[in-house]
Amino acid sequence: MDLMQKMLSPIQIFDSNMHVTVNGVFKDYQYNMPANFNTYFSKFDENIILRGLLHVGISGIGGYEDKKFIEISSPKNAYKFLAIEDKSLTNEKKNYLQNKNVLGIKLHPKSLGLKLEDTIQISYEAILACSEFHKFFGICSYFGDKSISKDEINSFKKIIDFAISHKVKIILFHACGLNFLDFYNSYRDNPYVFFDTSFSLIRFYDSSIQDLYLKELDDGATNIGFGTDFPDHSIKDYFPYIEEFKQILTNKAFKRFTYKNIEDFICLIPKN
């Protein structure tokens, strides 16, 4: 899709997945560097109105440490997700999870080199901690550039079902990639499950993933939302996709996608 230089009209967004790192480094990336808030906002234009964002940490990237990550100066409407860094949660990690500026904790299985069985076990432990401290749990649900098997789908669903059974809200970052519908058909009406479309909307556009998102949003979906996955992509990269959704969806459905669904999901209460 051709890059647009600016949005055609004012758009409100809540970015449900972005990464600003402790030292501004992000792997070996050259694009959108350094990975800080100055770079993030430099890609906005006057028609983008940011209502809020989820600032998500990733283990082993950009000098990540819980204390330093929490201390990153961020906008007033930024809500932080700590990164799981090991196969068990230390008491120190649990203490940081209770910080008032932390909304939840995220597991990125690929960054830790985890097999599925380990991913499930670590997720269970993290979900129990989130239940105890009234926090959200997030997990990277990008499975690569191909669909996963039915057995793998059912195994991954154990994590989601465990969160639901403990009344912990779970964000599926990247909306399960090419397996979106396999998961969405099971959790479309579940108030504990949210599908963040960051990265996947651009990555899988040629597979018509956007048609699935549009259909569900047109049907009234309340748990699908927009994210950038900065620095993988900037808000500017999404301009043509946002404009396409705006042209196709009703105004109400479009607002649900760009900000209202995620705000309702996290029961957004403005910080003091």
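The model described here is predicted. Its protein chain holds eleven helices and eight strands.

**Overall dimensions**
- The chain has 272 residues, for which a compact globule would have a radius of gyration near 19 Å; the value for this chain is 17 Å, which agrees.
- Taken along the principal axes, the C-alpha atoms fill a box of roughly 50 × 40 × 35 Å.

**The sheet**
- The eight strands make an open sheet with parallel pairing, in the order S1-S2-S3-S4-S5-S6-S7-S8.
- Strand S1 (11-18) and strand S8 (224-225) are at the edges; each has a single partner strand, so one side of each is left without a neighbour in the sheet.
- Strands S6 (residues 170-173) and S7 (residues 193-196) run parallel and are joined by four bridges.
- Within this pairing, Ile-171 has Phe-194 in S7 as its bridge partner.
- Helix H7 (residues 180-187) packs on the sheet, where it touches S7 and S8. The direction of H7 makes about 150° with that of S7.

**Backbone geometry in the loops**
- Most residues other than glycine have a negative phi, and most peptide bonds are trans.
- In the loop between S1 and H1, Asn-32 has a positive phi of about 60°, although it is not a glycine.
- The peptide bond from Met-33 to Pro-34 is cis, with omega near -5°.
- A cis peptide bond also joins Phe-230 and Pro-231, with omega about 5°. Pro-231 lies in the loop between S8 and helix H10 (239-248).

**Cavity**
- Rolling a probe the size of a water molecule over the atoms shows where empty space is left.
- Searching the whole structure gives one cavity of 30 Å³ or more, and the volume of the largest cavity is about 60 Å³.
- The lining of the largest cavity consists of His-19, Val-20, Thr-21, Val-22, Phe-26, Val-56, Gly-57, Ile-58, Ile-61, Tyr-64 and Phe-69.
- Eight of these lining residues are nonpolar, three are polar and none is charged.

**Surroundings of Tyr-96**
- Tyr-96 is part of helix H3 (residues 91-97).
- Leaving aside residues up to four places away in sequence, Tyr-96 touches Asp-66, Lys-67, Ile-70, Leu-82 and Val-102.
- Lys-67 is 29 residues from Tyr-96 along the chain, and the C-alpha atoms of the two are separated by 7.4 Å.

How values were computed: Residues numbered from 1 in each chain as written. Predicted model: local features only at pLDDT ≥ 70, side-chain atom pairs only at ≥ 80, totals over all residues. Heavy atoms only, no water. 1 Å grid on protein atoms, 1.4 Å probe; cavity = no way out; pocket = protein on both sides within 12 Å on 5 of 7 lines; lining within 4 Å. Points joined across faces, edges and corners; volume = space filled by probe spheres on them. Nonpolar A, V, L, I, M, F, W, Y, C, P; charged D, E, K, R; others polar. Helix = DSSP H or I, 4+ residues; strand = E, 2+ residues; numbered from the N terminus. Contact = heavy atoms within 4.5 Å. Pairing = 2+ DSSP bridges. Axes fitted to C-alpha atoms, helices over the stretch in contact; angles between N-to-C directions. Rg over C-alpha atoms; globule rule 2.2 N^0.38 Å.
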